[in-house]
Amino acid sequence: MKEKRSYLGGLMHGIGTLLTGMKITGREFFTKKVTEQYPENRDTLEISPRFRGRLTMPTDAEGNNKCIACGLCQMACPNDTIHITSESVLNEETGKKKKVLVKYEYDLGACMFCQLCVNACAHGAIEFTTEFENAVFDRSTLVMNLNEELRMKN
Amino acid sequence: MFDFSIVTQWIHSLLTSFLPEEVAVFIECLAIGVCILLAYAIIAIIMIFMERKVCAAFQCRLGPMRVGPWGTIQVFADVFKMLIKEIIAIRHSDKFLYNLAPYIVILASIMAFSCLPFSKGMEVLDFNVGIFFLTAASSIGVVGILLAGWSSNNKYSLIGAMRSGAQMISYELSMGLSLLTIIVLTDTMQLSEIVERQADGWFIFKGHIPAFIAFVIYLIAGNAEVNRGPFDLPEAESELTAGYHTEYSGMHFGLFYVAEFVNLFIIAGVAATIFLGGWMPLHINGLDGFNTVMDYIPGFVWFFGKAFFVVWILMWFKWTFPRLRIDQILTLEWKYLVPIGLLNLLLMVIIVVFDLHF
Amino acid sequence: MITIEPEKIHKALSDLRAEGYDFLRSLTGMDWGEEGLGVVYHLEKTTTGENKVIKTITANRENPELPSVCDLWKAAEFNEREAYDFFGIHFIGHPDMRRLYLREDWVGHPFRKDYDDSLNPLRMTNEEPDDVTHHYEELPDGSVIEKRDVLFDEDEYIINIGPQHPATHGVLRFRVSLEGEIIKKLDVHCGYIHRGVEKMCESLTYPQTLALTDRLDYLGAHQNRHALCMCIEKAMGIEVSDRVQYIRTIMDELQRIDSHLLFFSCLCMDLGALTAFFYGFRDREKILDIFEATTGGRLIQNYNTIGGVQYDIAPDFVQKVKEFIAYLRPMLKEYHEVFTGNVIAHGRLDGVGILSREDAISFGATGGTGRASGWACDVRKRHPYAMYGKVDFKEIVRTEGDCFARYMVRMEEILESMHIIEQLIDNIPEGPFQEKTKAIIKVPEGSYYAAVEGSRGEFGVFLESRGDKHPYRLKFRSTGLPLVSIMETVCRGAKIADLIAIGGTVDYVVPDIDR
């Protein structure tokens, strides 16, 4: 344990420790500051490619997405964030009915970025992007229609 | 060195040339009052800005950067926001005292502020018991703080106010003792006179050891006196949310806030005046050329330079140390600062009696 | 698991207590449906590390009554209140049978399988503060009566610290009765961030439950998830590869450093040293960057999965971690210079809030708090898991039990964690980072318990499965609940400023208490 110090010894020791602390802060006063000036440093901002910003549907070179409207992502989601509407379309050539995606609704406001939907998708039809500036003024804008976005992009 | 009293004399003679004496003095008083308030506000703004930047630098940050270049307009924006905010009245509070408290605090602060000699001939209140008046005026502030805590009808506020009362009244003592040490050396309490006596060397050099000890005690006690870290427990934000001014909003809060910062400046200003020679330039005996050059620098630059340097040191204290506990604060005062201050006073008396100072 | 009837349970448990089972690891309320309601006790002998699991069932669903074990383990006090809150089990002899998390005007007990959700619509009115509690007492003739007690007298000077208060690190509320500056009595109110995680888990599939564990103790996200994954893997008999074990261990230790740095920062802030706070956060940022590169998350990482981890480590992970360790060592020295050595910090922490070893064990206050009181309670040493059995590290134990000891234990643990990482980082073996699992994960019937050393103590997972894809009951042994339960004992007689220092060094995280 600590030894008992005399009155003056304690005083001197106390002043010594205080000066040690002041030496450190005094040194930091002149070091380079670590503040990141966010909106200005957008170009140099480092974001890991694995960062989960929001869900998107990636496209291949022709602008097609691989979604087959199986609904596994919808089932995997713990928060009911994803709602898929699909319809059956008759394929003229084969004569078989095939499910086609009509609407892929994704509620960013309810998403907790657990990645279960991406894990569930066997076709790589959805993925997270690093886009993180998702603030909006109205809650309802957070409900996104992903395949509509896709169409707009094409 | 330029004597500012030439300007004041000229204004006085100009006014008396076409006005009766009483009216002229009245107008002068009004003008000085406005100037003091203006200076008070400007100092407050500079202090708040400085606090934010200095604190940021100690913490590896940049501080305000958005409003204006390097955030210089930030404080103006804050003041503007404060002015347009609603002053909320608390139910079950003692309305009269609740509204009175911030004005007592600001009044005490302005009275003390008016005592500071900014430059040669630029003193507002300057009479033979200057220091005495200054300490008396500045300690009225504690009444305002106690009233604020009591009338808010808030338990946090009350605890904060009680802490503040105990602390400020205690530290008044060692502050007085350290000022007394220098008064022993100067045998005057008039602030302008004290500055004049430091023409051949500042008291911190002239009074050597006891003056230096007195300076350190004064800084510690002064820091405690204005409730700043590490003695900020009346408003210890991690314990009592905001202490005695928890329930204040808008400009009423603003008055407490401004008074706190200007009080810090006053402490620094008094330290500069009494220990570091006030507006008196740095003179070294024998180096006449150097002394003449120093004399070309105007007095108020010297004064503000020294005062802000002391402010910077006090900020360095605040942003380095953890907060003390109430019993530790009182221990520090009554077991360390007061006995040391008394011994120091004795030492100074001996030095003065045997003429051992420079 | 041994089943004992309610009539004999108190006798049996006090015999076990006398035998040396002094640590109540976990007390779990249960609803077994037809069989009735009951409690599962996890006991441990601190001297030998032996474990026993006892359960008791009462068939009476209308008015379930069980004897309280508060007199044997102080940890039971809060845990029985939780069981009362969730299952409506009356514990006879418990001194303070209030709800722990839910509102006083809550109707019914939500964890019962027959609970009707519609009874509790969203209430827009304020909860009426009530200074009255009640307890159940057994009369000599065997009948049980309810007695009312007053918590605080009318003329006591009571201040509320929290739920919105800068020093409670979240929405925890203390009601403190003061005599001047001295604390006479302290009453803890939990539940302001109660989200019903355990209840939610009962309707989620196993992979989905994982996402919630990160949100309990957000400074131990990796370790919490590690515990749940371990528990499920143990139940399903999945063996994860060595590579996964290495990665998990390294991540756990990084998370511990992260948490302890935040502890240092927040303690400094609580004590008014705001500058040191920024130094800690500046350096913690570097760990978060490492996390982000590998896991994609900074605070909530979602990294461990059943049978592996989400991603393989990032290509520059090894190099970044090494750089970070090299960077942190001189920084730790700086912390010690600016804060630890400081005479004011010593004055605020030395001899304040002393927790005795007996109390630490009885309350089950594990982690740095327990180790500062001289109780070697590190799960990594008691029940080694992952790579901990194979690496060399020292368990930091101090005997003073005061705030300074609690602080120093954590600061020294940062060094130990760095030591562990250094041993592992260079030889992460090759192997798959994810074992193949079935598409739908079903855990075989039975009950399982797994524990890890979280950032602030033992984090345990008790899983009861009926062979479905949902857990039947999932209980998290919170690291924080025992820590707040010691507050009353430790703070009594201290000053308000000490309450802040004690709260800071005990280092609880509120979402972990409330779940």
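Predicted model: local features only at pLDDT ≥ 70, side-chain atom pairs only at ≥ 80, totals over all residues.
A crossing of two helices is left-handed if the near helix is turned anticlockwise from the far one by less than a right angle.

**Helix pair in chain B.** I looked up how α4(B), residues 95–114, lies against α6(B), residues 141–151, and found that the two pack at an angle of about 160 degrees with their axes 7 Å apart. The crossing in which α4(B) passes α6(B) is left-handed. On the α4(B) side I listed residues that make the contact, among them Leu97(B), Tyr98(B), Ile104(B) and Val105(B), and on the α6(B) side residues including Val143(B), Ile145(B), Leu147(B) and Trp150(B). Sorting the residues of this contact by class gave me 13 nonpolar, four polar and no charged.

**Chain B against chain C.** I then turned to the contact between these chains, which takes 23 residues from chain B and 25 residues from chain C. On the chain B side, the elements that give two or more residues are α7 (155–186), α11 (237–240) and α15 (326–353), and the largest share, three residues, comes from α11(B). By class, I noted ten nonpolar, six polar and seven charged residues on that side of chain B.

I followed β2(A), residues 82–90, into β3(A), residues 97–107, and found them paired in the antiparallel sense over nine bridges.

**Sheet in chain C.** I traced an open sheet of three strands, in the order β14-β15-β16 and with antiparallel pairing, whose edge strands are β14 (446–454) and β16 (473–477). Neighbouring strands are turned by 10 degrees against each other on average, direction ignored. Between β14(C) and β15(C), residues 457–465, I recorded nine bridges, with Gly446(C) partnered by Ser465(C). Helix α5(C), residues 221–236, packs on this sheet and touches β14 and β15, its direction making about 150 degrees with that of β14(C).

**A loop residue in chain C.** Last, I looked up Glu34(C), which sits in the loop between β2 (23–31) and β3 (37–44) of chain C. Glu34(C) counts as exposed because it has 7 C-beta neighbours inside 10 Å, and the cut-off for exposed is 12 or fewer. I also noted that Glu34(C) and Ala59(C), 25 residues apart in sequence, are 7.9 Å apart in space, C-alpha to C-alpha.

Note on methods
Residues numbered from 1 in each chain as written. Chains lettered and ligands numbered in written order. Contact = placed C-beta atoms within 7 Å. Helix = DSSP H or I, 4+ residues; strand = E, 2+ residues; numbered from the N terminus. Nonpolar A, V, L, I, M, F, W, Y, C, P; charged D, E, K, R; others polar. Axes fitted to C-alpha atoms, helices over the stretch in contact; angles between N-to-C directions. Pairing = 2+ DSSP bridges. Buried ≥ 20, exposed ≤ 12 C-beta atoms within 10 Å, placed from the backbone.
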